[in-house]
Amino acid sequence: MADSSFDIVSKMDMQEMTNAITQTEKELASRFDFKGSKSSLTLEKETLVVVSDDDYKLGALIDILQSKMIKRGLPIKNIEYGTIESASMGTVRQRLKLKQGIDQENSKKINTLIRDAKLKVKSQIQGDQIRVTGKNRDDLQAVIQLLRKADLTVDLQFTNMK
């Protein structure tokens, strides 16, 4: 019997992210509390720059963005929030880093969880993803359930089930 396998990845669909940003900008244009505001969202590769008049409006803007992301199925766990800094013309700015892939620390944590479960599977780190192989598909399903319940700092997707 051939070995079965799957990959554990952590990716953010950038097209959906662009759509969520566009929807957020549309809502900003129609909301009364943002009339005349200097609020904006700018996507620069893997970083989203959020600018607004003050801390309160910046928080409200990020809340709107998060609600749009959730509606589109994007993981908000994969956002790393930078510090709020002063920007030009009395505005404040915050950089949100969009995490792609599983970092080294989380990879080790995932491997340890799988090893401690004592299932008959092997896991190996392959760059920013992890491949899990085993003879029994039920064991692979058990690994998926285990990782869905685990409290990790990144959102995981399970792909390439063979």
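Analyst: Two strands are said to pair if DSSP finds at least two bridges between them. The model is a predicted one, and on this criterion four of its strands form an open sheet in the order 6-7-1-8, with antiparallel pairing.

User: Why are strand 6 and strand 8 called the edges of this sheet?

Analyst: Strand 6 (121–126) and strand 8 (157–159) each have a single partner strand, so one side of each lacks a neighbour in the sheet. Neighbouring strands of this sheet are turned by 25° against each other on average, direction ignored.

User: What makes a group of residues a nonpolar core, and which residues have the most contacts inside the largest one?

Analyst: The members must be buried residues of the nonpolar types, joined through side-chain atoms within 4.5 Å. The largest such core has 21 residues, and those with the most contacts inside it are Met 17, Leu 41, Leu 48, Val 50, Leu 65, Met 69 and Leu 96. At least two residues each come from helix 1 (14–30), strand 3 (47–52), helix 2 (55–71) and strand 5 (92–98). Helix 2 gives the most, with seven residues. Another core, of 16 residues, lies apart from it and includes Phe 6, Ile 102, Val 143 and Leu 147.

User: Why is strand 3 described as largely enclosed?

Analyst: Five of the six residues of strand 3 are buried, so the rest of the structure largely encloses this strand. Strand 3 pairs in the antiparallel sense with strand 2 (residues 40–44) over five bridges, and six bridges join strand 3 to strand 5, again antiparallel. Thr 47 stands opposite Glu 44 and also opposite Lys 97 in strand 5.

User: Why is Lys 57 called buried, and why is Lys 45 called exposed?

Analyst: Buried means under 20% relative accessible area, and exposed means over 50%. Lys 57 has a relative accessibility of 18% and therefore counts as buried. Lys 57 is in helix 2 and, leaving aside neighbours within four places in sequence, is in contact with Asp 33, Phe 34, Ser 37 and Ser 52. Lys 45 has a relative accessibility of 75% and therefore counts as exposed. Lys 45 is found in the loop between strand 2 and strand 3, and its phi is near 55°, a positive value in a residue other than glycine.

User: How do you know that the span of helix 2 is close to the expected one?

Analyst: The expected span is 1.5 Å times one less than the number of residues. Helix 2 has 17 residues and reaches 25 Å from its first C-alpha to its last, which is close to the expected 24 Å. At its start, a side-chain oxygen of Asp 54 reaches to within 3.2 Å of the backbone nitrogen of Tyr 56. Just after helix 2, Gly 73 takes a positive phi of about 80°.

Note on methods: Residues are numbered from 1 along each chain as its sequence is written. This is a predicted model: local features need pLDDT of at least 70, side-chain atom pairs count only at pLDDT 80 or more; totals for chains, interfaces and linings use all residues. Side-chain values use heavy atoms; hydrogens and water are left out. Buried means under 20% relative accessible area, exposed over 50%, partly exposed in between (1.4 Å probe, protein chains only). A polar contact is a pair of N or O atoms within 3.5 Å; within protein, one must be able to donate a hydrogen and the other to accept it, and residues adjacent in sequence count only if both atoms are side-chain atoms. Contact means heavy atoms within 4.5 Å. Axes are lines fitted to C-alpha atoms, for helices over the stretch in contact, and angles run from 0 to 180 degrees between N-to-C directions.
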